[in-house]
Amino acid sequence: MKIEVRHLTRIEGHAHLIVDLDAGEVRDCRLEVVESPRFFEGMLVGRHINDVAAIVARICGVCSNSHTLVSLAASEAAMGIEISNQTKRLRRLLAYGEILQSHLLQLYFMAIPDYLGVNSILPLAKTRRDLVSRALRLKKMANTLCQCIGGRAVHPVTLRPGGFATLPTPAALQAVRKEMVAALPDLEATVDLFLSLPVHPFERETEYFSLAPESGYPLFGEQLISSDGVDLPVQDFRDGVKEYLVPHSTAKFARLTRNEFMVGPLARYKNGAARLSPMAKQVSKALGLTLETVNPYHALRARLVEVVHCVEEAIHLIDETLINGLSDETPAFDIKEGRGCAAVEAPRGTLFHCYEYDESGCIIKADCIIPTGQNLGNIEADLRALVPQLLELPREEMTLRLEALVRAYDPCISCSTHLLKIDFV
Amino acid sequence: MKPRIGFFDFTGCEGCQLSVLNLESEFLELLELVEFVEFREVITGNGGALDIAFVEGSICRDDEVVRLRTIRERSRNLVALGACADTAGVNALATASSPEALRQKIYGCETPLLKTFPPSPLSDFVDVDARIPGCPIDGREFLAVLQALLMGRPPELPAYSLCVECKLAELPCTFEHGEICLGPVTRAGCDALCLRGGDRCRGCRGLIDAPRSAPYRKILEQNGLSVDEILREFRTFNVIDKGRS
């Protein structure tokens with residue numbers, strides 16, 4: 001029996017899911033990433049520091065803010081540029097907005113249809129108008145936050161190496177805050193909705209990798225940790241994360257301590273749950289999420305916990321920003337040669353950019369490691385372990401379970417095929 | 001029966017489809033007006049004839065050409081959605097070196113999936129009935145083009161340059177800070193969003209229909225910039241001599 005789902009839907013980008021069974025034995029099981037490669041790392045060569053962030057944002061529409069943030073941090077590390085506390089606060093707000101945008105889109109538009117027995121939430125506009133309206137309201141709240149800080153919800157325009165070209169107005173920040181507070185009942189309803197949805201049974205322990213929760217729940221930082229004891233500075237991440245190419249994919253796979261590992265909401269949860277906001281801790285408890293979980297389907301609930309965390313933290317951070325006041329700072333720095341790496345927790349996991357600049361401030365070499373690329377090996381290992389447990393199910397049901405597993409990782413194929421670089425062995 | 005519309009993507013970031021989904025306030029009304037039959041990012045299932053196909057992304061592989069032609073055959077209207085589909089967009093940067101050289105540099109090997117040609121706009125392979133420029137598209141412009149097509153009249157894009165919108169916003173000219181700006185030759189319609197945000201115009205909406213190069217060259221000379229510098233800037237979002245820009 002062969003299960004073949006071509007152009008798997010409700011994920012970002014193009015991938016085929018292939019499972020080949022022979023008398024109950026899994027002969028083959030793979031996620032074929034067929035999206036065309038885009039060679040961003042090659043395209044960056046020769047580009048000036050002031051252009052780099054605007055170009056790399058285009059790697060991915062869904063996480064353009066994360067790419068912008070990590071790109072600026074890598075450029076700043078390369079040239080030794082310090083950023084102000086005001087810039088740090090505003091960038092953090094944008095990072096929260098990014099996670100909210102992406103997570104809410106994934107939960108409501110990509111994941112939920114699997115559990116409600118529909119092919120999309122759009123047909124529910126008639127029968128479940130409350131649900132669809134709520135999804136749109138929440139998504140709008142996240143976009144308003146990103147727009148307020150970045151000037152646009154997709155591909156931000158206000159950020160610069162060293163700071164911001166334009167700042168949000170206090171009135172705009174207050175308006176966002178209001179929208180976020182008003183979203184709390186919608187979040188409560190979302191938690192209730194998820195409590196009513198089943199979590200498919202499946203367990204497979206793996207290595208969980210994220211930024212260390214040094215200064216709070218993993219988001220920005222200088223240190224990486226894993227559940228297998230990896231403790232590595234971001235600057236040396238290449239010593240830990242090894243990429244490799246497989247013939248069926250235009251995205252590169254990666255390994256850490258074991259042959260595969262996981263990044264993203266569930267990995268962050270397992271590594272940093274102690275640093276969640278008070279409301280997020282309550283929600284995590286209500287959803288029955290524990291540190292012991294090794295069920296990848298739980299990533300959905302971890303995503304929802306992170307949504308609550310980001311909303312609560314963003315509200316406090318807006319207050320802090322308003323109390324401190326916003327002052328115009330002209331980002332100024334000296335162009336010099338150098339090399340710098342940075343990491344940020346993007347919605348799907350740890351995102352790395354590494355740049356080498358010449359003395360005129362142009363890129364000599366760029367290297368980017370994408371969360372989905374890191375997760376691909378783990379997704380395939382999960383599929384290999386899960387398929388034998390589902391043999392009793394009708395074929396259609398089994399296919400749905402497998403698709404739901406892939407979606408639980410929220411793979412972002414545009415990202416993973418666009419920034420890959422190989423050290424050939 | 002409601003008009004049937006579909007969304008498709010090739011080489012790109014899906015940011016333009018996302019910008020359609022980001023029309024939160026208008027989305028429920030949109031659902032009353034048209035039927036979304038295909039939208040891989042949020043709908044499972046496909047098939048059948050379409051009144052309008054919105055296609056995002058550039059074309060850079062033979063199998064993509066085949067898929068694009070199939071979409072064309074079953075669609076009454078085909079719309080290039082965003083810069084990558086319209087002018088090759090940011091993918092245009094890849095045309096600066098050969099696909100072989102890039103492939104070798106990034107992946108270090110050859111496999112069939114990696115066999116690509118320089119990213120090209122849709123109009124190189126199929127008839128395109130309408131276009132929505134920008135990286136990403138502007139949601140309001142999407143609605144305007146959709147409305148025109150549904151009413152059976154040709155969609156119109158602004159024929160004037162971005163400088164008009166920039167001046168209306170009372171922004172200082174970017175050249176005055178010694179930066180290159182593609183505003184004088186770029187099609188308006190974005191309400192000078194990047195300039196309002198403190199950035200310059202990088203030309204993501206493509207050239208206006210009849211750009212006047214002589215006065216532009218003069219602006220460049222006055223500001224001590226060369227044609228080479230401007231071309232380099234232009235190549236970020238546009239392939240020279242490609243697309244209908």
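## Strand pairing in chain A

Two strands count as paired if DSSP finds at least two bridges between them. In this predicted model, β13(A) and β14(A) meet that condition, because six bridges join them. The two strands run antiparallel. Within this pairing, Phe352(A) has Ile369(A) of β14(A) as its bridge partner. The hairpin of β13(A) and β14(A) has five residues between the strands. In that hairpin, Gly361(A) adopts a positive phi near 85 degrees.

On the other pairing, β12(A) is joined to strand β13 (residues 349–357) of chain A over nine bridges, again in the antiparallel sense. Ala346(A) is placed opposite Gly349(A), a residue of β13(A).

## The three-stranded sheet and its surroundings

Taken together, the strands of chain A form an open sheet of three in the order β12-β13-β14, with antiparallel pairing. Which strands stand at the edges? These are β12 (338–346) and β14 (363–369) of chain A; each has a single partner strand, so one side of each lacks a neighbour in the sheet. On average, neighbouring strands of this sheet are turned by 10 degrees against each other when direction is ignored. Strands of a sheet pair through backbone hydrogen bonds, in either a parallel or an antiparallel arrangement.

Helix α3 (residues 64–79) of chain A packs on the sheet and touches β12 and β13 of chain A. The direction of α3 makes about 150 degrees with that of β12(A). As for β14(A), this strand is mostly covered, with five of its seven residues buried.

## Contact between chains A and B

The contact between the two chains draws 48 residues from chain A and 45 residues from chain B. On the side of chain A, the elements that give two or more residues are α1 (40–44), α2 (49–56), α4 (85–116) and α6 (129–150). The largest share, five residues, is supplied by α6(A). Sorted by class, the side of chain A that touches chain B has 23 nonpolar, 16 polar and nine charged residues.

## Organisation of chain B

Chain B contains 10 helices and five strands. Of its 245 residues, 49% are buried. Among contacts in chain B between residues at least 6 apart in sequence, 76% link residues at least 24 apart.

Two domains are assigned in chain B: domain 1 (4–150) and domain 2 (162–234). Their C-alpha centres are 26 Å apart. How many residues of each domain are in contact with the other? Eight residues of domain 1 of chain B contact six residues of domain 2 of chain B. Helix α4 (residues 83–87) of chain B contributes three residues, the largest share of the side of domain 1 that touches domain 2. By class, that side of domain 1 has three nonpolar, two polar and three charged residues.

## Confidence of the prediction

The model has an ipTM of 0.92 and a pTM of 0.94. For chain B, the average pLDDT is 87, and 89% of the residues score at least 70. Where pLDDT is low, the predicted coordinates should not be read in detail.

Conventions:
Residues numbered from 1 in each chain as written. Chains lettered and ligands numbered in written order. Predicted model: local features only at pLDDT ≥ 70, side-chain atom pairs only at ≥ 80, totals over all residues. Domains from an automatic or database assignment. Contact = placed C-beta atoms within 7 Å. Helix = DSSP H or I, 4+ residues; strand = E, 2+ residues; numbered from the N terminus. Nonpolar A, V, L, I, M, F, W, Y, C, P; charged D, E, K, R; others polar. pLDDT = per-residue confidence, 0-100. Axes fitted to C-alpha atoms, helices over the stretch in contact; angles between N-to-C directions. Buried ≥ 20, exposed ≤ 12 C-beta atoms within 10 Å, placed from the backbone.
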